[in-house]
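Please open the structure in your viewer and keep the selection panel at hand. The tour below moves from one selection to the next and says what is to be found at each stop.

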Amino acid sequence: MDYLKITGPTTIEGSVDIAGAKNAALPLIAMTILAKNSVNIGNIPEVVDIRTLLKLLGNLGATYTLGEHQVTIDTTTLNDTKATYSIVKTMRASILVLGPLLARFGHCEVSLPGGCAIGQRPIDLHLKALEKMGAKITIHGGYVRAVAEKGLRGAHIIFDKITVTGTANIIMAAALARGKTTITNAAREPEVAQLCEVLRSSGISIDGIGTAELTIYGTDRRLIDIQPFDVIPDRIEAGTYLCAGAITGSKITLNKVRHDHLEAVIEKFMEMGFTFDITRNSITLYPAKSIKPVSIVTQEYPAFPTDMQAQFMALATQAVGTSTIEERLFENRFMHVSELQRLGADIRLSGSHANITGPSKLFGADVMATDLRASSALVLAAMSADGETDVHRIYHLDRGYEQLEVKLKSLGAKIERLKE
Ligand code: EPZ
């Protein structure tokens with residue numbers, strides 16, 4: 001198993017290109033199940049989760065060619081509709097094939113994704129919405145069995161909670177349903193908006209893109225011709241690199257980034273005393289003279305994203321004063337706290353609230369990654385810690401960050417990937 005050895009404290013300098021968004025690419029790859037043609041997707045991030053989903057489609061009979069940051073997928077050869085546990089257990093976002101498989105074939109079986117380190121991660125809202133569209137859903141032997149032999153019908157879906165992949169699943173199901181589907185309380189994440197934009201450019205009539213009220217007019221199972229497109233930049237990767245500059249007191253420039261997808265995050269950096277130069281597709285962060293404490297509540301887009309919570313907690317250990325973070329989306333997304341405490345952080349937890357008092361002098365130690373974003377928070381803290389830090393179980397990192405150590409090394413960080 002690989003681990004990262006980081007020597008701090010270190011400053012970094014220079015610029016880094018942001019990759020395509022993992023959480024946009026995953027639904028967009030699942031969307032190719034709706035296509036009657038071979039689909040070309042550009043700006044694909046080279047991360048494990050993408051390869052996992054492509055492998056799943058391959059197991060169902062699709063063929064694909066994965067090039068450098070691009071993939072061509074042909075789902076005209078799909079001949080199976082059972083997404084097996086062996087793959088789904090490694091990536092819960094596999095649930096994104098449920099809506100499109102059911103819409104196209106009228107039946108499918110998808111292994112229940114199960115929870116993960118950050119929470120129980122239920123899919124009840126996905127299933128309830130598909131039932132409203134006429135699907136018969138049963139759970140059997142750890143699998144969701146969905147049947148709609150006459151095809152799905154449009155319906156008015158009201159999500160009790162905002163769910164990103166739930167919204168994506170229903171948008172894709174609605175694209176091939178008979179008639180109109182409206183979704184109330186839809187997720188507004190940029191990744192969901194891009195899915196709508198690509199479907200619209202492929203002939204699906206969709207209103208309300210980017211808002212919480214979506215209307216989709218289905219084709220009644222007629223497959224669609226999906227034009228080539230590029231995945232939007234990864235706003236969470238971008239926020240993570242801005243944190244790398246911030247926590248090391250360095251100026252850093254990001255290229256190929258959409259600052260409009262990061263407004264709530266940039267606002268919090270500014271509250272902490274950081275300043276920016278922003279152009280159409282670049283962001284430059286300048287270090288703060290003294291890092292001010294911050295108060296953060298994680299919420300759905302466009303508010304502050306839960307996927308940046310761990311990274312800002314690492315940064316808050318260097319703020320002068322006490323910061324507060326409330327995690328509202330996931331019930332167990334503080335796994336990084338005990339690891340940050342091993343480095344010397346002063347963090348007190350009370351339920352979904354964390355109080356972080358700084359500035360703490362951090363010292364290198366062995367720490368363990370527990371989930372994707374927690375791993376990046378440990379790397380950030382290690383860059384500001386005095387001495388050597390070994391971050392173990394970095395397979396979590398490889399799921400969602402493209403060559404993190406290579407990019408950080410190119411910025412001057414002292415970081416090596418080694419074998420246990
Ligand atoms: C997506 O997960 C992202 N993953 C997550 O990113 C992200 O943290 C999350 O959205 C929130 O922004 C992908 O896009 C692949 P949800 P998702 O359904 O869709 C509850 C990362 O680091 N809920 O929006 O699975 C759920 O328990 C990952 O890249 C139900 O109760 O999240 C949670 O409390 C981690 N029932 C809340 O809604 C359901 O049927 C939001 O979950 C579905 C969700």
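In which sense do strand 18 and strand 19 pair, and over how many bridges? Select strand 18 together with strand 19 (residues 321-327): they pair in the parallel sense over four bridges, where pairing requires that DSSP finds at least two bridges between two strands. Helices (H or I, at least four residues) and strands (E, at least two) are DSSP runs, numbered from the N terminus.

Before going further, note that this is a predicted model, in which local features need pLDDT of at least 70 and side-chain atom pairs count only at pLDDT 80 or more, while totals for chains, interfaces and linings use all residues. Residues are numbered from 1 along each chain as its sequence is written, and side-chain values use heavy atoms, with hydrogens and water left out.

Now extend the selection to the open sheet of four strands to which they belong, whose order is 18-19-21-20 and whose pairing is mixed. Its edges are strand 18 (295-298) and strand 20 (346-350), each of which pairs on one side only. Neighbouring strands here are turned against each other by 15° on average, with direction ignored; the axes behind such angles are lines fitted to C-alpha atoms, for helices over the stretch in contact, and angles run from 0 to 180 degrees between N-to-C directions.

Strand 7 and strand 9 run antiparallel and are joined by five bridges, with E109 opposite R145 in strand 9. Strand 8 is likewise joined to strand 9 (residues 143-147) by five bridges in an antiparallel arrangement, and there T138 stands opposite R145.

**The ligand and its shell**

Select the ligand and then the 24 residues around it, of which D124, T163, T165, D307 and L329 come nearest; a residue is near a molecule if one of its heavy atoms lies within 4 Å of it.

- from a backbone N or O atom of L125, 2.7 Å;
- from a polar side-chain atom of T165, 2.7 Å;
- from a polar side-chain atom of R373, 3.0 Å.

On its own the ligand has 820 Å² of accessible area, of which the protein covers 91%, as given by the Shrake-Rupley method with a 1.4 Å probe; for residues, only the protein chains shown count as cover. Helix 1 (22-31), helix 5 (124-132), helix 6 (164-175) and helix 12 (372-384) are the elements that give two or more residues to the shell.

**Strands 1, 22 and 23**

Move on to strand 1 (residues 2-8) and strand 23 (residues 387-392), which pair in the antiparallel sense over five bridges; I6 has T389 of strand 23 as its bridge partner. Strand 23 also pairs with strand 22 (residues 366-368), in the parallel sense and over three bridges, and V367 stands opposite V391.

Most residues other than glycine have a negative phi, and most peptide bonds are trans. Select G8 and P9, which are joined by a cis peptide bond with omega of about -5°; P9 lies in the loop between strand 1 and strand 2 (15-17). Another cis peptide bond, with omega of about 5°, joins G358 and P359, and P359 is in the loop between strand 21 (353-358) and strand 22. Finally, select H69, a residue other than glycine whose phi is positive, near 55°, in the loop between strand 4 (63-67) and strand 5 (70-74).

How values were computed: A polar contact is a pair of N or O atoms within 3.5 Å; within protein, one must be able to donate a hydrogen and the other to accept it, and residues adjacent in sequence count only if both atoms are side-chain atoms.
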